Protein chains: 2
Amino acid sequence: MHVMITGAAGFLGQRLTEALIDKGSLNGQPLSRLTLLDQIEAPRPEAASCLAVEPATSLDVAIIAGDIADAEVLDRCLAGEPQVIYHLAAVVSSAAEADLALGMRVNFDATRLLLEGCAARGLNGTRLVMASSVAAYGGDLPETLGDMTALVPQNSYGTQKAMSELLINDYSRRGLVDGCVLRLPTIIVRPGRPNAAASSFASSILREPLNGEDAICPVPTELEMFVMSPRRVVAALIKGAEVHSAAFGLSRCFMLPGITVSVAEMLKALADIAGEQALALVKHEPDPRITAIVGSWPARFDTRKARSLGFAGDADLADIVTAYQQENTET
Amino acid sequence: MHVMITGAAGFLGQRLTEALIDKGSLNGQPLSRLTLLDQIEAPRPEAASCLAVEPATSLDVAIIAGDIADAEVLDRCLAGEPQVIYHLAAVVSSAAEADLALGMRVNFDATRLLLEGCAARGLNGTRLVMASSVAAYGGDLPETLGDMTALVPQNSYGTQKAMSELLINDYSRRGLVDGCVLRLPTIIVRPGRPNAAASSFASSILREPLNGEDAICPVPTELEMFVMSPRRVVAALIKGAEVHSAAFGLSRCFMLPGITVSVAEMLKALADIAGEQALALVKHEPDPRITAIVGSWPARFDTRKARSLGFAGDADLADIVTAYQQENTET
């Protein structure tokens, strides 16, 4: 099994690479080859050398630093005829909003080049799994969204993802590639430090107090979000390679089963697990700009399609928080 | 007022050109210039010379034969800084299905080039009115569709139109152009002869008997369609240039207010207007292929957005049929 990952140096790309190596197979076939593409060199996975000890499970890892929107770079990756492609490379929403041409090039043109490259090489059996986003939703939304709710994105990142979704669906319908688009909920708890993303606080108000540090909550505690843990997102990406093509029906694109939580519930989970002294580290400093952005994101979804295909969400917030603690005990 | 029309040599392009010249103005400004682009030369509008008699309303008509997806051709058109662009050029659904690259080039890349061209020339006040289609809908549809029903097209033409819609919405949101996308119902009664379109019968079963000729009805009479007359579509295109930008809200794309009619109702209108001898000219020869295609098109829409913006539909089928008779008395 040859798996290619775009955006392999990113947070999800690295987590997925590790998970695939730990699993040792995908869709019942031994993992034999990884092609890791990103604009910088993705870190060489640590476990790869261990696997290489046993010849029957030797793993060939190609790490390629290059421009995802350069047809020659993509063609070099596709020449190895990957059976599964994880398309995670993206310019994030703030950058796509600041530079329309860059966002179009990376978030849309690269997807199109990937599809055209697969079609040109006859890779019609290749499963292309793309990560899309809740940012593709917008407009006059109902209280609970379903997979037949229109995508009326109010940002260029969401527009470019929605266009990519349409193209993957059409190429799949025509039998030119075997696509699957997973719309990701907001991922919590991300490791590391706070960043410029409007949703950064959602990880920060849990992560920092768990590490004994102060955190700022910029939104009202009644605000709701639709969230999923990193390990469930990675499990969903793996599942995305394993769903039978016929099971998708008329659309390859759907929202993953996140859970709807209020900020108040997030803070209660923090207090339950780490005590009142952890909760006391969260300072409330309302920020109307962040509240407006995050408050515009839908938080309630009917995800029956994803569930019927076998995708699973987190049990509850306690599950998400304890998973973060377990995964980060050595740091 | 400088108006540019792509697809100007087509049925709708010609009807719109005539209507604009008859009206003599658009959005309260005298029509001074027309740029008519198509792959073949659009016919020179007859009334233009009459208007030119009166210097105050002289009309400069530029007829350009060229490739809509050629940036140089488009730039030549945009150099005149049109205040309204009607983007009607398209490769129709059967051709887009037969040739993916051609459909992408004409139905999507040309739209993108138009948008990028407007942005590059600073034409952010230019109203771009694009015709989209019921073919953009598909998938697991509800019984009555609304403007927040997802576009899950099951054909490449609909995919390319849906992608163009997203891009026009994003360029409009960013203030780079002032877009408006009208999703057209099935147009009846088209003049002329039957053609290869699956929907051709819908005009044919009215038009041919009205002209004393036989027609074939290939679908069950209980089949429903969502229809609009040519004159109402042209009126909607004109209205599309006149709606205030602020009135669109979060989406520039919506279905026009067609009317839902069954084939039985169409045949009853024919009998009411032209008598039982006209009805007797319609032969019923079921065609499962046409029934499958047309039967998959949604026929019931909640069009409150279009109506609230001032777009009007036909009163009823009798209105549609008598309008065809009036418009075609000289032929």
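**Close-up 1. T303(A) and its contacts.** Leaving out neighbours within four places in sequence, T303(A) is in contact with F226(A), M255(A), L256(A) and P257(A), where contact means heavy atoms within 4.5 Å. T303(A) sits in the loop between helix 11 (288-295) and helix 12 (304-308) of chain A; helices (H or I, at least four residues) and strands (E, at least two) are DSSP runs numbered from the N terminus. At 6% relative accessibility, T303(A) counts as buried. Buried here means under 20% relative accessible area, exposed means over 50%, and partly exposed is in between (1.4 Å probe, protein chains only). A note for every view: this is a predicted model, where local features need pLDDT of at least 70 and side-chain atom pairs count only at pLDDT 80 or more, while totals for chains, interfaces and linings use all residues. Residues are numbered from 1 along each chain as its sequence is written, chains are lettered from A and ligands numbered from 1 in the order in which they are written, and side-chain values use heavy atoms, with hydrogens and water left out.

**Close-up 2. A318(A) in helix 13 of chain A.** Here we look at A318(A), placed in helix 13 (residues 317-327) of chain A. With 34% relative accessibility, A318(A) is partly exposed. D272(A) is 46 residues apart from A318(A) along the chain, yet their C-alpha atoms are separated by 8.4 Å.

**Close-up 3. The open sheet of chain B.** Seven strands line up in the order 5-4-1-6-7-8-12, with parallel pairing; two strands pair if DSSP finds at least two bridges between them. At the edges are strand 5 (60-65) and strand 12 (253-255) of chain B, each pairing on one side only. Neighbouring strands are turned by 15 degrees against each other on average, direction ignored. For these angles, axes are lines fitted to C-alpha atoms (for helices, over the stretch in contact), and angles run from 0 to 180 degrees between N-to-C directions.

**Close-up 4. Strand 4 of chain B and its two partners.** Five of the six residues of strand 4 of chain B are buried, so this strand is largely enclosed by the rest of the structure. Strand 1 of chain B pairs with strand 4 of chain B in the parallel sense over five bridges, and T6(B) has L37(B) in strand 4 as its bridge partner.

**Close-up 5. Helices 1 and 6 of chain B across the strands.** Helix 1 (residues 11-23) of chain B lies across strand 1 (2-6), strand 4 (33-38), strand 6 (84-87) and strand 8 of chain B, at about 165 degrees to strand 1. Helix 6 of chain B lies across strand 7 (127-133), strand 8 and strand 12 of chain B, at about 155 degrees to strand 7. Strand 8 (residues 178-184) and strand 12 of chain B pair in the parallel sense over three bridges, with F254(B) as the bridge partner of L182(B).

**Close-up 6. S172(B) in helix 6 of chain B.** S172(B) belongs to helix 6 (residues 156-173) of chain B and is buried, with a relative accessible area of 6%. Neighbours within four places in sequence aside, its contacts are V177(B), D178(B), G179(B) and R252(B).

**Close-up 7. Helix 7 in chain A and in chain B.** In chain A, 11 of the 11 residues of helix 7 (residues 200-210) are buried, so the helix is largely enclosed by the rest of the structure. Helix 7 (residues 200-210) of chain B is mostly covered too, with 11 of its 11 residues buried. Just after helix 7 of chain A, G212(A) takes a positive phi of about 75 degrees; in chain B, G212(B) follows helix 7 with a positive phi near 75 degrees.

**Close-up 8. M4(A) in the largest nonpolar core.** This core has 78 residues, and M4(A), L37(A), M163(A), M4(B), L37(B) and M163(B) have the most contacts inside it. A nonpolar core is a set of buried Ala, Val, Leu, Ile, Met, Phe, Trp, Tyr and Cys residues joined through side-chain atoms within 4.5 Å. Not counting residues up to four places away in sequence, M4(A) touches several residues, including T35(A), L37(A), L74(A), C77(A) and L114(A).
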